Structure formats: C-alpha cells, structure tokens
Amino acid sequence: MLTISLCLAVSSCLIEPPGPGYLSYIDCNTLITLFCLMLLVEGLREEQFLQYAAARVLSRVRTVRGLLATLVFLCFVGSMLITNDVALITFVPLGMMMLEMASQRKRLCFAVALMTIAANLGSMFTPIGNPQNLYLFSLSGLSLPEFLGLTAPYTVGAALLLLLCVRFGCGHGTLSIRLGEAPPLRQGPVCFYLGLFLLCVAAVGGMVPHGVLLAVVTALLLWKDRRLFARIDYSLLFTFVFFFIFVGNIKQLEGLQVWIRGALEGRDRLLGVVLSQVISNVPAAILLSRFTQNARGLLVGVNIGGAGTLVASLASLITFREYTRRCPEQTGRFLGLFTLISFGFLAILLAALSL
C-alpha cells in the first residue's frame with residue numbers, strides 16, 4: 001500500500017507541480033496523534049504491560065468456551081484503545097500459545113479468524129481505535145459523545161455476533177492452564193506511558209493542542225527511551241502523506257471532482273464498504289473523504305468495510321502472516337474460514353445499515 005500510494009502521489013504531480021500548496025493537503029493533526037499513539041503503545045509493549053494484563057485475565061479461564069471468548073474480546077476491547085493492528089500483534093501470538101498449551105490446536109483456525117474480525121470491528125468504536133477513525137474524527141468536527149453515539153450501535157451489533165459465534169462455534173469442555181509466575185511490572189515506566197497515553201486522548205478530544213502533544217511526547221521519549229522511535233510503523237504515516245498529496249492534486253481537476261461527488265451522493269456508506277474491500281479502509285477513507293460532506297456516513301461505511309476480504313483491513317494481514325508462519329499447511333483453510341465468517345458479519349451489518 002505504501003508503494004501504491006507513492007506511485008499515485010508521484011503521478012498526480014503531473015496535475016499540480018510540487019509546491020508550498022501541498023502543505024494544505026496534509027492533515028497534520030491526524031499524523032501527530034497517530035505518531036504519538038504508536039510511540040506510546042510501543043513503550044507499553046516494551047514494558048510487557050499488555051501481555052501482563054492479558055495473562056492476568058486468562059489465568060481465570062476454566063473452560064474452552066471461556067478461553068475463546070476471552071481471547072476474542074481481548075482483541076475486541078483492546079483494539080478500541082491500542083488500535084486493531086497492535087491488538088492483533090499482541091494478542092494473536094499469545095492466543096495461539098494459550099490454545100496449544102490447552103491442547104486446543106484444532107481450534108486455532110477458528111479462534112484466530114474470529115480474533116481478527118473482533119479487532120477490526122471493535123476498533124470502530126473509538127476515534128483512536130484505528131487510523132481512519134483518527135482522520136475522519138478530525139475531519140468531521142464531531143464531538144467525542146457524537147462519535148461514540150454514531151459507532152455504538154454497530155459495535156454492539158458486532159459484539160452480539162461475536163458472542164453467537166463463540167457460543168455455537170466451540171464446545172464447553174473444561175481445561176487447565178498454568179501460566180507460571182509473570183515477572184512484576186515496572187510501575188514507574190508503565191505509569192509514565194499511561195500518563196502520556198491519556199494526554200493523547202485529551203488531544204483527540206480537543207483539550208490539548210496537537211503541537212503541544214507532539215512536543216511533550218517527543219521530548220520525554222527522547223529522554224526516556226529513544227529506541228522507540230526506530231520501532232514504529234513509519235510506512236503507515238507515509239502512506240497517509242502520499243494519499244493526502246494524491247487526493248489534493250486530484251481535486252484540482254474540476255470535472256473529475258464533480259463526477260466523483262455525483263457518484264458519491266447518497267452512496268457514501270455503500271461506496272466506503274465496497275472500496276474498502278479492494279484497497280482497504282484506510283486509503284478508502286482518505287480518498288472518499290475529500291469528495292463528500294457526509295463524513296458520518298463515510299465513517300460508518302469504511303469501518304463496517306473492515307469486514308469482508310483479507311485486505312479490507314490491512315491489520316488482517318498481520319494475523320495471516322502469524323498464522324501461516326505457525327501453520328503453513330493450513331493457509332487455504334484459514335483463508336476460506338476467515339472469508340466466510342467475515343463476509344457473514346459484513347452482510348448482517350450491511351443489512352442493519354438499511355434499516
């Protein structure tokens with residue numbers, strides 16, 4: 001996606017040569033918030049905070065169904081706070097390890113597919129749940145309560161569907177897992193990162209200027225642990241920049257702009273869903289947002305569009321890579337099962353849209 005966005009940005013320079021006007025294309029607030037969140041979540045992962053919290057929850061599980069429900073909703077709820085890709089990077093390897101320890105390897109495929117869908121749909125609830133939400137929240141002018149009110153019905157619907165899958169997708173046998181003694185958390189560093197994380201949330205809510213957020217987080221992390229700057233996903237940030245440039249240049253073509261606006265009129269949600277299936281929901285949100293005034297409809301469309309194909313949400317590729325690395329002989333089975341369940345969720349949520 002980085003390569004595609006770069007090629008689109010470069011080719012669009014034929015429409016409008018590079019210049020100072022390009023700066024107006026870029027939503028700096030989104031990039032600043034995303035950059036700071038990635039740094040802080042990486043710091044919490046470095047301190048093993050997420051793994052520690054998950055292990056404490058899992059230590060209380062006593063049944064197969066309970067284990068599956070816990071793993072799925074760790075991803076679902078976790079993605080609302082640490083983004084869907086980080087939730088999958090953190091909890092999928094842990095979940096696979098737990099299932100194998102519990103002699104439930106036969107359930108790996110179903111569990112990992114459901115965890116992936118849970119992260120992609122749970123992340124729709126909050127502005128910090130995924131990159132497109134950060135961007136569309138900034139663009140739409142919605143207040144935090146308005147945003148949560150808009151996404152809550154679909155989040156609740158997704159949660160109910162996940163509960164049904166867990167209820168009827170596995171047995172109710174008992175199990176026993178011994179996790180061993182977890183190393184104690186370093187409370188000082190964890191509180192430090194959590195405090196800065198709350199500062200990010202305050203910036204998203206409009207209570208802290210984004211320039212102040214960037215200055216404080218950058219300065220403190222350069223002092224605390226500058227290695228974190230080498231570990232974050234810069235490709236995602238540059239993908240945003242390149243798509244901003246491409247869409248900004250495309251908007252200079254008045255005829256094309258009028259045609260795209262006409263095609264989008266009244267179809268924002270549906271086109272958000274459809275385009276997400278092909279190029280994923282982050283670039284779909286950026287591309288369509290500049291040609292519609294209905295940011296609310298687009299927000300719902302690209303979030304629901306995270307279900308469906310494997311590339312509808314690029315975070316799904318994290319799971320695919322992790323699963324096929326551990327179970328290379330089951331690549332086809334995983335793709336088939338994931339696609340079947342994911343399109344089932346998409347169909348039901350799309351039906352809810354039409355009500």
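Which helices do the buried residues of H5 pack against? In this predicted model, the partners are helix H2 (28-46), helix H3 (49-58), helix H4 (64-82), helix H6 (108-122) and helix H16 (316-326). The buried set itself consists of Asn84, Val86, Ala87, Leu88, Thr90, Phe91, Val92, Leu94, Gly95, Met96, Met98 and Leu99.

The length of helix H5 can be checked against its residue count. Its 18 residues (84-101) should span 26 Å at 1.5 Å a residue, and the end C-alpha atoms lie 25 Å apart, so the two values agree. The helix does carry a kink of about 30° at Phe91, shortly before the proline Pro93. Phe91 also belongs to the buried residues of H5. Just after the helix, Ser103 adopts a positive phi of about 60°.

Setting aside residues up to four places away in sequence, Leu99 touches Leu67, Leu71, Gln104, Arg105, Leu108 and Ala111. With Ala111, the separation is 12 residues in sequence and 8.8 Å in space, taken from C-alpha to C-alpha.

The loops on either side of helices H3 and H4 each hold a residue worth a glance. Gln48, in the loop between H2 and H3, has a positive phi of about 65° although it is not a glycine. Thr83, in the loop between H4 and H5, likewise is not a glycine and has a positive phi, of about 75°. Their surroundings can be compared through accessibility. Gln48 is partly exposed, with a relative accessibility of 42%, whereas Thr83 is buried at 11%.

Thr83 also turns up in the lining of the largest cavity. What is left empty inside a protein can be found in a simple way: rolling a probe the size of a water molecule over the atoms shows where empty space is left. Here the count comes to 1 cavity of 30 Å³ or more, and the volume of the largest cavity is about 90 Å³. Its lining is made up of Leu34, Leu37, Met38, Val41, Leu81, Ile82, Thr83, Asp85, Val86, Ile128, Pro131 and Leu236. By class, 10 of these residues are nonpolar, 1 is polar and 1 is charged. Helices H2, H4 and H5 each supply at least two lining residues, and H2 gives the most, with 4.

The largest pocket has a volume of about 670 Å³. It is lined by 29 residues, of which Asp85, Asp233, Leu236, Leu314 and Ile318 are the closest to its centre. Asp85 and Leu236 are also found in the lining of the largest cavity. At least two lining residues come from each of H2, H5, helix H7 (131-140), helix H11 (234-250), helix H14 (281-289) and H16.

A bend of about 40° occurs at Ala152, with the proline Pro153 following within four residues. The buried residues of H8 are Phe147, Leu150, Thr151, Tyr154, Thr155, Ala158, Ala159, Leu161, Leu162 and Val166. Their cover includes H4, H6, H7, H13, helix H15 (295-304) and H17.

Helix H13 (268-279) has 12 residues and reaches 16 Å from its first C-alpha to its last, close to the 16 Å expected at 1.5 Å a residue. In H13, the buried residues are Asp268, Gly272, Val273, Ser276 and Gln277. The helix is followed by Ser280, with a positive phi near 80°. Helix H17 (331-353) contains Ser342, a buried residue with a relative accessible area of 1%. Apart from its neighbours within four places in sequence, Ser342 is in contact with Ile117, Ala307 and Gly308.

Terms used
Residues are numbered from 1 along each chain as its sequence is written. This is a predicted model: local features need pLDDT of at least 70, side-chain atom pairs count only at pLDDT 80 or more; totals for chains, interfaces and linings use all residues. Side-chain values use heavy atoms; hydrogens and water are left out. Buried means under 20% relative accessible area, exposed over 50%, partly exposed in between (1.4 Å probe, protein chains only). Contact means heavy atoms within 4.5 Å. The expected span of a helix is 1.5 Å times one less than its number of residues. The bend at a residue is the angle between axes fitted to the seven residues ending there and the seven starting there. On a 1 Å grid over the protein atoms alone, a cavity is a set of points where a 1.4 Å probe fits but cannot get out, and a pocket is an open set with protein on both sides within 12 Å along at least five of seven lines; lining residues have an atom within 4 Å of a point. Grid points are joined across faces, edges and corners, and a volume is the space filled by probe spheres set on the points. Ala, Val, Leu, Ile, Met, Phe, Trp, Tyr, Cys and Pro count as nonpolar, Asp, Glu, Lys and Arg as charged, and the others, Gly among them, as polar.
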